[in-house]
Number of protein chains: 2
Amino acid sequence: MEWEAIKNRLDALLANGKHSEIRGAMMMLNVVDIAQYMETLERDKLLHVFRILPKDISSDVFTYMEPEQKQLLIESIGDQEICALIDDMFLDDAVDFLEELPASVVKRVLQSAPVEKRNLINQFLRYPEYSAGSIMTIEYLEFHEGDTVRDAMNIIKKVGLDKETIYTLYIIDKERRLLGTLALRRMILADEDAVLSDMMTTNPISVYTTDDQEKVADTVRRYDVMALPVVDKENRLVGIITADDVMDVIEEENTEDFEKMAGLMPSEEEYLKTSPFRLALNRIPWLLIMAAVALFTGMIIKSFEDVLATSIVLTSCIPMLMNTGGNCGSQASTLIIRGIALGEIEFRDLFRALWKEFRVGAMVGAVLAVFTFLLVTFIYGAAPAEAFVVALALYATVLIAKALGCTLPLLARKVGFDPALMASPLITTLVDATSLTIYFIIATAILKIAL
Amino acid sequence: MEWEAIKNRLDALLANGKHSEIRGAMMMLNVVDIAQYMETLERDKLLHVFRILPKDISSDVFTYMEPEQKQLLIESIGDQEICALIDDMFLDDAVDFLEELPASVVKRVLQSAPVEKRNLINQFLRYPEYSAGSIMTIEYLEFHEGDTVRDAMNIIKKVGLDKETIYTLYIIDKERRLLGTLALRRMILADEDAVLSDMMTTNPISVYTTDDQEKVADTVRRYDVMALPVVDKENRLVGIITADDVMDVIEEENTEDFEKMAGLMPSEEEYLKTSPFRLALNRIPWLLIMAAVALFTGMIIKSFEDVLATSIVLTSCIPMLMNTGGNCGSQASTLIIRGIALGEIEFRDLFRALWKEFRVGAMVGAVLAVFTFLLVTFIYGAAPAEAFVVALALYATVLIAKALGCTLPLLARKVGFDPALMASPLITTLVDATSLTIYFIIATAILKIAL
């Protein structure tokens with residue numbers, strides 16, 4: 001059923017106020033859809049619907065609700081309800097939720113939480129933001145070296161359903177160091193007396209609590225794993241990062257790259273929920289830098305006043321030259337930045353990439369130069385010498401733009417900056433300055449003779 | 001152990017030629033690392049190492065190898081070895097592999113494949129590219145309405161390890177229509193005589209074979225599911241898409257957006273493996289279109305020759321105006337395009353977004369206008385009237401750029417185009433034309449009075 005249809009039926013049910021029917025309807029829906037429906041409700045109705053929800057899904061629905069709605073709800077319900085809610089949530093979801101709340105509300109929630117959970121949450125809130133520790137969960141199953149399949153099944157039967165991922169079993173030694181992993185599917189096919197550590201995969205891929213989430217995303221991409229164990233400095237198992245969180249991390253990293261590549265300060269918030277003031281603040285720094293650089297580029301124009309005065313065609317072609325240079329540069333830099341992000345291109349590939357871009361630039365430049373020569377001649381009615389200057393400058397611009405677009409992200413990577421910063425806006429600005437200089441030098445040289 | 005260290009040790013082992021040691025070393029490594037090591041080898045050594053590999057991991061290693069290496073290997077080994085390899089591969093991996101090969105090699109591989117597998121592969125190769133059908137796998141477990149936990153366990157024990165995902169059980173009716181899903185963890189905790197369909201989740205989230213992989217990515221993002229059942233038009237279960245493939249789809253969709261947003265034709269291949277000619281072809285179409293539009297923008301300059309002649313400051317500020325307009329536009333369009341991709345922004349949000357961008361533009365424009373006024377006055381030594389013209393035109397440019405950057409992607413979405421096409425290059429070109437027109441109109445009006 002489509003979302004609009006779901007909404008209309010629930011609205012109708014809610015208007016007529018039959019609790020048991022609403023409850024029944026909710027039981028047929030996915031928790032994500034219910035959470036989205038909650039978004040459309042006013043405070044009173046929100047509370048009403050939330051209390052109608054079957055207890056076993058209310059914490060799931062809560063997890064998928066929007067931060068504002070969560071806060072509204074927390075402010076409306078009693079401490080005991082909060083306590084039950086937090087207790088039912090997976091630890092990583094509870095921590096995520098608390099990180100979004102104002103400090104005063106966090107305090108109230110933590111006071112209501114069960115003691116054991118509260119201590120764990122406090123520990124998690126201390127991990128650096130965006131670190132593996134801050135996104136991991138402790139809902140995993142650990143076993144010891146000598147444990148048999150029978151032991152494991154008994155434990156799983158006791159605690160299994162509380163765990164976010166019981167499909168990978170983690171085997172640790174007495175010092176809690178991670179020895180290996182065992183897929184649940186291998187275990188359930190094994191003999192009851194088989195020892196887990198005899199069947200496990202040793203040398204499991206893992207990350208440290210202090211690793212950045214970017215490292216987490218890279219590791220998952222490289223090894224195609226669906227859950228990652230997280231260890232502390234002494235290699236002791238302290239948590240796991242589950243597949244859904246890994247997917248979120250990858251999307252966050254991608255969004256960050258998109259933002260940086262457009263000259264924006266990265267932001268965690270959804271666009272529609274960010275205040276205009278905040279949005280403006282994220283945009284102004286790069287705009288100011290770029291505007292200042294572009295004004296210095298303008299100085300180049302000023303110093304070539306004489307040659308510009310000889311022909312309005314030269315001035316008219318400035319937008320085309322700047323525009324094409326910027327586009328060529330960002331085409332190259334986008335491919336290189338994305339290649340670096342996906343682990344396909346390294347700094348050691350610099351010369352290979354440069355040689356490739358040189359050949360691409362030679363071909364692209366030739367096509368554009370011929371095209372421009374014809375257009376400038378026939379549409380602008382330019383003299384052949386003028387059209388030749390424009391075409392030649394364009395050819396040089398394309399070559400320079402491709403070279404800068406491929407070199408700068410790799411250099412940034414080498415010196416430890418984020419390659420994504422070397423994208424469109426910066427490349428465009430740099431290409432503008434160099435291409436205009438070349439343009440005017442060529443123009444001075446050729447037009448002096450020709451005109 | 002770091003990749004470089006792994007490579008050095010394997011190189012040393014390979015040089016000394018002790019098969020059993022190499023074999024032993026391989027058994028300690030992750031298949032992804034082995035596949036990467038294979039990439040560094042020449043044809044002869046490649047074949048040698050591949051044949052040394054323990055049989056149970058060779059098809060996994062093969063799956064992770066680069067297309068060129070796979071082809072090299074296929075050309076070097078006998079039909080019987082190909083047959084064994086294909087038989088050991090998961091169906092979706094085999095199909096992916098065949099899609100990358102030249103037709104002649106595909107023919108040879110298919111002839112060597114076991115009959116049953118060949119028929120399945122042929123069926124898969126017929127699904128449209130990028131459709132759910134083309135990326136799904138048939139390695140899943142299906143059960144019928146009346147099956148009990150005991151029945152299921154018997155089947156799993158017989159076929160379990162061959163399946164890519166046995167963590168979700170799919171329950172179908174006699175017509176093979178999908179009735180529901182059951183998590184393996186729920187099943188193993190249940191009584192042996194319990195009936196699966198009594199415990200299953202009904203109304204499972206699914207996609208159609210003909211759905212585009214973008215729909216697959218959207219569905220996974222929305223519902224946070226890790227494996228998606230795929231049904232045909234009659235709702236019959238025909239396959240599943242597993243978490244690792246979903247992750248690949250999301251990355252592919254992101255890469256496609258990055259490419260489109262930089263004015264590139266999307267490409268599946270890795271940058272370093274794409275020929276310069278192919279790269280040039282992917283780049284030329286948009287560059288030609290943009291260059292033509294920019295030349296028409298140049299006509300605007302030409303038609304305002306008179307006012308430009310009054311002051312070289314006006315010409316010098318063209319790069320800054322164009323550059324800032326382009327950056328402002330791409331900042332807004334990037335946020336909107338990303339918001340649409342992540343399902344956070346819809347067409348119905350157009351006016352909300354436009355009002356937000358208006359306020360952002362008002363703030364950003366004010367800061368930039370003041371900054372530019374000062375810079376142009378003190379560095380260029382411009383007259384107050386000139387600096388005022390530049391600042392005012394910049395303010396208007398920022399507002400227009402923000403409005404276009406937010407409107408165009410949403411309009412594209414509405415009429416069924418990809419919003420990513422409305423990114424930086426196109427926005428920049430359009431903003432250039434409008435902002436230069438405004439610039440010259442303001443200049444004509446004010447400077448006529450002032451100078």
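Predicted model: local features only at pLDDT ≥ 70, side-chain atom pairs only at ≥ 80, totals over all residues.

Trainee: How many bridges pair strand 2 and strand 3 of chain A, and in which sense?

Mentor: Strand 2 of chain A, residues 168-172, and strand 3 of chain A, residues 178-183, are joined over five bridges, and the sense of the pairing is antiparallel.

Trainee: And what is the strand order in the sheet of chain A?

Mentor: The order is 1-2-3-4 in an open sheet of four strands with mixed pairing, and its edges are strand 1 (141-144) and strand 4 (201-202) of chain A, each of which pairs on one side only.

Trainee: What about the sheet in chain B?

Mentor: Chain B has an open sheet of four strands in the order 1-2-3-4, again with mixed pairing. Strand 1 (141-144) and strand 4 (201-202) of chain B each have a single partner strand, so one side of each has no neighbour in the sheet. Strand 4 of chain B pairs with strand 3 of chain B, residues 178-183, in the antiparallel sense over two bridges, and within that part of the sheet B:T181 lies opposite B:T201.

Trainee: Changing topic, how is chain A divided into domains?

Mentor: Chain A is split into domain 1 (3-126), domain 2 (141-242) and domain 3 (271-450), and the centres of domain 1 and domain 3 of chain A, taken over C-alpha atoms, are 51 Å apart.

Trainee: Now the contact between the chains: how much area do chain A and chain B bury between them?

Mentor: They bury about 10,900 Å², with 69% of it on carbon and sulfur atoms. On the side of chain A, the residues that lose the most area to chain B are A:F258, A:Y271 and A:L272, which together make up 8% of what that side buries. In residue terms, the contact takes 117 residues from chain A and 117 residues from chain B.

Trainee: How many salt bridges are there across that interface?

Mentor: Two are found between chain A and chain B, and A:E251 forms a salt bridge with B:R338, where the closest N and O atoms are 2.9 Å apart. There are also 16 residue pairs in polar contact between chain A and chain B.

Trainee: Which helix gives the largest share of the side of chain A that touches chain B?

Mentor: That is helix 17 of chain A (residues 276-303), with 19 residues, while by class this side of chain A has 67 nonpolar, 22 polar and 28 charged residues.

Methods:
Residues numbered from 1 in each chain as written. Chains lettered and ligands numbered in written order. Heavy atoms only, no water. Domains from an automatic or database assignment. Contact = heavy atoms within 4.5 Å. Buried area = accessible area lost by both parts, 1.4 Å probe. Salt bridge = Lys/Arg side-chain N within 4 Å of Asp/Glu carboxyl O. Polar contact = N/O pair within 3.5 Å; in protein donor to acceptor, adjacent residues only side chain to side chain. Nonpolar A, V, L, I, M, F, W, Y, C, P; charged D, E, K, R; others polar. Pairing = 2+ DSSP bridges.
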